[in-house]
Amino acid sequence: MPDPVLSLSDLDARYGDFQALYGVTAHVEPGEVVAMIGANGAGKTTLMRSIAGLIRNAPEAIRWKGQAIGRLRADQVAALGIALVPEGRLLFPSLSVEENLVIGGQLKRPGPWNLSRVYDLFPILQERRNQQSTSLSGGQQQMVAIGRALMSNPELILMDEISLGLAPVIIKQIYEALPGIVGQGMSAIIVEQDIAKALSVSARVYCLQEGRISLEGRSDSVSRDAISRAYFGM
Amino acid sequence: MEWVNAVLQGTLLGGLYALFAAGLSLIFGVMRLVNIAHGDLIVLAAYLGLTIAVGLGIHPLLALAIVVPVMAALGYALQRGILNRTMGDDILPPLLVTFGLSVIIQNALLMGFSADPQKLQAGDLETASLTAGGLTIGVLPFLMFATSVAVIGGLQWMFYHTALGRAFRATSDRQDVAQLMGLNRAHVFGLAMALSLAVTGIAGVFLGIRTSFDPSIGGSRLIFGFEAVIIGGLGNLWGTLAGGVIIGIAQAVGGQIHPSLQLLAGHIVFLVILAVRPRGLFPKMEG
């Protein structure tokens, strides 16, 4: 087994006074796509925000290629090559579509992704490049959010509920673009409500339940029963 | 003709008010910080200009070459060292801290320079004028107005056409997501305050050339600045210029009606606009 790029060990994360994660231990190998599933409120978003540096944690709880990064600020984590596609997309309303993408690349990390690659992946964004980001449809906004994260040429991309609130046909379109994104050595953690979707795009799966990892397994061999037990605690 | 002249002089005076206000508008737009010490920082810049102009024996406008970078550096240090610690969801701590800063600056200036009124000597520039079609325009007010338009135009351009402006807008929109883009919020805020105080440096030197000043006048400059910002619409730079001009014209026209009405007329126009359009004449719009 290769050394993991990301390893979480005994991560306890707090959200204000509320403890949202208890002793989470997990890892991501180079180039691996990992699915993170779990019910609403299980702590998935807190976990993503912790890794991205938006929630500060004990330094040793999160390691990136061996380096303890749990206490780093989000901008420092981004510079290491970890990008978050946040839940709810959270585009910058006063920036145009293209500016949203450009600001994603402002760290100038070297790599294959640039404006024209993102426009190749999502051609509709090129047509809409000068529009306000808030004037786009939900699916197009999600494409901007993904493109914005890719522009930093991350080694690990965290996708938090990228299908939330989108029409099935748009979800299909976005997931069809996924292999073109992660197929080039980039690792990914995909948080998803749609379990079948999550399993189909990932190599391994973790399930969170009330802030604890309740299941870990290979996506192609984990049983339905095991998932529903891990999901609902029954 | 007197009235046309009053409107013209008021417009030019409005340029100075817009300079007072531009720095306030900028930092409010980027980080929702209301800087109570802004007026005192303008006065501080005037004293800095005085010290440099007298000390080096140079023209006050030449002193700008030193005043502006020094004020910018001070702004960055102030933001990183003190104000960033007060920033959060609660708007009260920065208000209290900048209020305290205002008191400290006033008293430090009082200790350093006494309460005697001072003035920056700009020589012939102070009395030079241009005459056209029965109207006389002072060169100095004209220069202040032109500078104000140039500063606000420059800030506006910076906001919408540079990477720094993009970073300012992104941070203003969503601070946490801007962090995800690799923007260090503390640094971005520091740069915004540096720019704000650089403009304050220009405003302070012009203030010192135009009128005499002493350590206590910051508060009244702050009022004009706030009024210009609010009339124009919070965070809208061209609106701030319009707001400054409206106050300037109101004061000049009021003074034309009766000299005692000058300041009051400006405040009354402000109140009327606030009552009719609480969000200002030009609520934040895209450039």
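In chain A, strand 1 (residues 6-15) and strand 4 (residues 62-64) run antiparallel and are joined by 3 bridges; strands here are DSSP runs of E with at least two residues, helices are runs of H or I with at least four, and both are numbered from the N terminus. This is a predicted model, in which local features need pLDDT of at least 70 and side-chain atom pairs count only at pLDDT 80 or more, while totals for chains, interfaces and linings use all residues. Residues are numbered from 1 along each chain as its sequence is written, and chains are lettered from A in the order in which they are written.

Within strand 4 of chain A, I62(A) is the bridge partner of L8(A). Both strands belong to an open sheet of 4 strands in chain A, ordered 2-1-4-5 with antiparallel pairing, where pairing requires at least two DSSP bridges between two strands. Because strand 2 (18-28) and strand 5 (67-68) of chain A each have a single partner strand, they stand at the edges, and one side of each is left without a neighbour in the sheet.

The two chains also meet, with contact counted when C-beta atoms, placed from the backbone, lie within 7 Å.

| Chain | Residues in the contact |
|---|---|
| chain A | 20 residues |
| chain B | 16 residues |

On the side of chain A that touches chain B, helix 2 (74-80) and helix 3 (97-104) of chain A are the elements that give two or more residues, and helix 2 of chain A gives the most, with 4 residues.

Elsewhere, A22(B) touches V151(B), I152(B), L155(B), V199(B), L237(B) and T240(B), not counting residues up to four places away in sequence.
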